[in-house]
Amino acid sequence: MKRTITHLADGRELIYFDRRDDADRSAIDRRPLEPRPPASELRYDPLTEEWIAIAGHRQTRTFLPTGGTAECPLCPSTDERSTEIPSYDYDVVVFENRFPSFSGNLGTYEDVGGLSEVRPGVGRCEVVCFTSDHDSSFSRLSDDQVELVMEAWADRTAELSAIEGVEQVFCFENRGEEIGITIAHPHGQIYAYPYVTPRTKLQLGAAQRYKGNLFADVLAAERAAGTRVVATNELWTAFVPAAARWPFEVHVYPHRQVPDLAALTEAERAAFAPLYTSVLRAFDGLFGVVMPYISAWHQAPVRTGRELAYLHLELFSIRRAPNKLKYLAGSESAMGAFVNDVRPEEAARMLRSQIDH
């Protein structure tokens with residue numbers, strides 16, 4: 001793998017990840033860009049003990065360009081049009097988000113009164129372009145391409161974890177307009193948070209209180225039961241959790257406990273690719289329509305709970321039937337109390353039937 005660092009016209013960092021050592025990445029960003037916005041401000045909610053990012057500059061970000069590749073900011077540049085990627089082709093690209101929720105570009109932050117503490121949203125947000133092919137998807141990537149994406153994830157996890165003030169690194173993909181994507185090109189994002197996220201705190205708290213290894217025991221129990229296992233190989237298992245919140249939800253665990261993506265071996269990365277893409281294709285095969293989904297890597301925080309954490313991926317869709325979506329209404333949105341319309345065992349059976357095809 002070749003790794004090449006360059007910069008965009010407004011100073012943001014861009015990194016090419018290439019399979020070929022002779023890839024030419026000398027192209028420069030020709031656009032006249034506005035100065036980068038200051039970092040968001042974080043406001044503390046004393047009732048939930050959570051930090052909320054206030055990022056008004058994100059209102060102006062690109063929203064569902066209608067011209068396909070002619071307007072897509074994530075396609076390679078051409079002689080006629082410059083995009084976020086200066087090169088005329090690429091394998092995998094990572095760059096700093098132009099409209100970040102967190103960054104190191106600090107502004108001024110004033111007390112807002114009440115009981116809410118305010119501090120700068122220090123951190124970093126990056127975009128990961130999985131392929132230069134605008135009309136592709138993660139499910140259609142070759143195993144080699146998935147491994148290259150994983151190399152990029154691992155590289156960025158290690159680099160972002162070293163930034164002062166960063167407490168957790170989150171790699172994820174949003175897919176589908178129903179989920180809320182604003183650009184259709186196959187891509188994901190990486191957030192380097194200045195705090196440990198609420199869901200990670202919950203999971204690690206449960207692991208701390210459990211008498212044993214919680215994550216490993218969950219994996220072992222699902223493999224032993226088998227009824228909710230969707231796919232498996234010698235290094236990974238994908239299963240629908242017994243208490244799934246979403247109509248179609250799959251968790252993917254390596255068989256070896258590691259804290260983060262950077263700790264995976266080459267063999268583990270290679271084994272992940274065919275298993276994961278088969279699950280994604282099963283999602284799309286369920287109803288004959290593209291499944292909107294969120295794919296979320298749960299990694300250990302940078303400084304706390306690393307001995308408790310267990311790297312795993314949580315994949316879920318809001319589609320529950322061909323023409324029906326699960327909306328987070330009163331119970332889920334207001335109270336955080338989920339009601340799932342699909343039995344997890346039935347969801348697993350349906351997904352397995354697609355993989356068997």
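Author: Strands pair if DSSP finds at least two bridges between them, a strand being a DSSP run of E with at least two residues and a helix one of H or I with at least four, numbered from the N terminus. This is a predicted model, with pLDDT of at least 70 required for local features and 80 or more for side-chain atom pairs, while totals for chains, interfaces and linings use all residues. Residues count from 1 along each chain as its sequence is written, and side-chain values use heavy atoms, without hydrogens or water.

Reader: What makes strand 3 and strand 6 a pair?

Author: Strand 3 (residues 41-45) has 3 bridges to strand 6, running antiparallel, so the pair meets the at-least-two rule. Here glutamate 41 sits opposite proline 120 of strand 6.

Reader: And why are strand 4 and strand 6 called edges?

Author: Their open sheet has 3 strands in the order 4-3-6, paired antiparallel. Strand 4 (50-54) and strand 6 (118-120) each have a single partner strand, so one side of each lacks a neighbour in the sheet.

Reader: Which strands stand at the edges of the 11-strand sheet?

Author: That open, antiparallel sheet goes 1-2-5-7-9-8-13-14-12-11-10. Strand 1 (2-7) and strand 10 are its edges, since each has a single partner strand. Its neighbouring strands are turned by 20 degrees against each other on average, direction ignored, using axes fitted to C-alpha atoms (for helices, over the stretch in contact) and angles from 0 to 180 degrees between N-to-C directions.

Reader: What does strand 13 pair with through 5 bridges?

Author: Strand 14 (residues 312-317), antiparallel to strand 13 (residues 293-298). Alanine 296 faces glutamate 314 there. Helix 4 packs on this sheet, touching strand 14 among others, and its direction makes about 10 degrees with that of strand 14; contact is heavy atoms within 4.5 Å.

Reader: What makes a set of residues a nonpolar core?

Author: They are buried Ala, Val, Leu, Ile, Met, Phe, Trp, Tyr and Cys joined through side-chain atoms within 4.5 Å. The largest has 55 residues, with Phe138, Trp153 and Phe248 among those with the most contacts inside it. Helix 4 (residues 266-285) gives the largest share, 9 residues. Another core lies apart, with 13 residues including Leu8 and Tyr16.

Note on methods: Buried means under 20% relative accessible area, exposed over 50%, partly exposed in between (1.4 Å probe, protein chains only).
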